[in-house]
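Welcome! Open the structure beside this page and work through the exercises in order. Try each task yourself before you read its solution.

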Amino acid sequence: MKNKVLVTGGTGFIGSHTVVELQNSGYEVVIADNLSNSKIEVLDGIEAISGVRPLFEKVDLSKENECGDFFKKHAGIKAIIHFAASKAVGESVEKPLLYYRNNLNSLMNILEAMKEFSIPNLVFSSSCTVYGQPDKLPVTEATPRKEAESPYGNTKTICEDIIRDTAKANAQLKMIALRYFNPIGAHPSAKIGELPLGVPNNLIPFLTQTVAGMRPELSVFGNDYNTADGSCIRDYINVVDLAKAHVVSIGRLLEDKQKSNYEFFNVGTGKGVSVLEIIESFERATGEKVPHKIVGRRAGDIEQIYADTSFSNRELGWKSGKTLDETLLSAWNWQLALNK
Ligand code: UD1
């Protein structure tokens, strides 16, 4: 019998790609999502790629009663990947309580359910935002976390702490937090990808919408940083590579390979890339020009961050594989598919 995995936020950007990889690896998937930032049609894309339509339940896991009802209805879940969360940095500054309520309550409800329904395994969606602007690069898992720049970032730090403490108090629970760097790109089939609602805040959807003619030009936020070309540096990880890190993490939990019952890993490429290098790579990969101008720095941006991935490569047996050019080409193909 197939192992059943619950994917919360499974119709979202990273969630949907992870559902595809799980199904391709022989897992049975049930998705729980409140569709607050995603569309039900994503299920069609998942089915078109993997040949399997996952079970879907529209549910708000931040509500205790809805969460409890969900777990009563769906027996036999062996592991959970918890993506469902609010993630817009700017919005979190405007509406901190919304972010704390949604992101913290849903995690705590899930942890309670894991105890009540004897589901031992959890993979949690964390972020490199927990490192702030590190003093030393690249960042390893031993790099100290810093105070978060935004309420959104703070929810990731607090959620990690909640998981750590819950693991300490409950030896039967086994948990992994994955600290994502900057997830970009889309499935090579262009049947699923990122679906930003309204004006995108993130670099790649704004860039592809600009090249598609939906925005006049891309603003490059600052060229006076202390980096080689003056623009900010990030570690851009292909979303399919990232999805595969979740599949190996689930395997690690189910096969009892953990070194302790709470572990956390960096999930990036290990390579720092500047905003201007992104534009260059996109133009090379697609043959399209990116209309852009340099503007002032964006408030709250850190100068540079990229991962040391040697620990996750070694421990998880996982490595990012796709090149930046092919990743940006996949983002462009997805934009073209969306516009059709
Ligand atoms: C942020 C969060 C990260 C979160 C992610 C997803 C922080 C420090 N980082 O990442 O935790 O997971 O959003 O929402 O809180 N840029 C431009 N022009 C644009 C847009 C972006 O030049 O129009 C630049 C930014 O200055 C930055 C880079 O592109 O240097 C990437 O920006 P973005 O895609 O927004 O991601 P982060 O801010 O790195």
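**Exercise 1.** How much area is buried between domain 1 and domain 2, and what percentage of this area do carbon and sulfur atoms give?

*Solution.* Let's begin with what we are looking at. This is a predicted model, in which local features need pLDDT of at least 70 and side-chain atom pairs count only at pLDDT 80 or more, while totals for chains, interfaces and linings use all residues. Residues are numbered from 1 along each chain as its sequence is written, and side-chain values use heavy atoms, leaving out hydrogens and water.

Step 1: find the two parts. Domain 1 covers 4-185 + 236-267, and domain 2 covers 203-234 + 270-339; these bounds come from an automatic or database domain assignment.

Step 2: read the area. About 2,500 Å² is buried between the domains, and carbon and sulfur atoms give 66% of it. Buried area is the accessible area (1.4 Å probe) that two parts lose on being put together, summed over both.

Step 3: see who contributes. On the domain 1 side, Leu137, Tyr236 and Asp241 lose the most area to domain 2, together 25% of what that side buries.

**Exercise 2.** Which residues are closest to the ligand?

*Solution.* Step 1: list the neighbours. The ligand is surrounded by 19 residues, the closest being Leu203, Ser219, Arg234, Arg298 and Asp301; a residue counts as near if one of its heavy atoms lies within 4 Å.

Step 1: check distances to ligand oxygen atoms. An N or O atom in the side chain of arginine 298 is 2.9 Å from one. For phenylalanine 221, a backbone N or O atom lies 3.0 Å away from a ligand oxygen. The side chain of tyrosine 152 has an N or O atom 3.1 Å from an oxygen of the ligand.

**Exercise 3.** Which two residues does a cis peptide bond join?

*Solution.* Leucine 137 and proline 138 are joined this way, with omega about -10°.

Key. A polar contact is a pair of N or O atoms within 3.5 Å; within protein, one must be able to donate a hydrogen and the other to accept it, and residues adjacent in sequence count only if both atoms are side-chain atoms.
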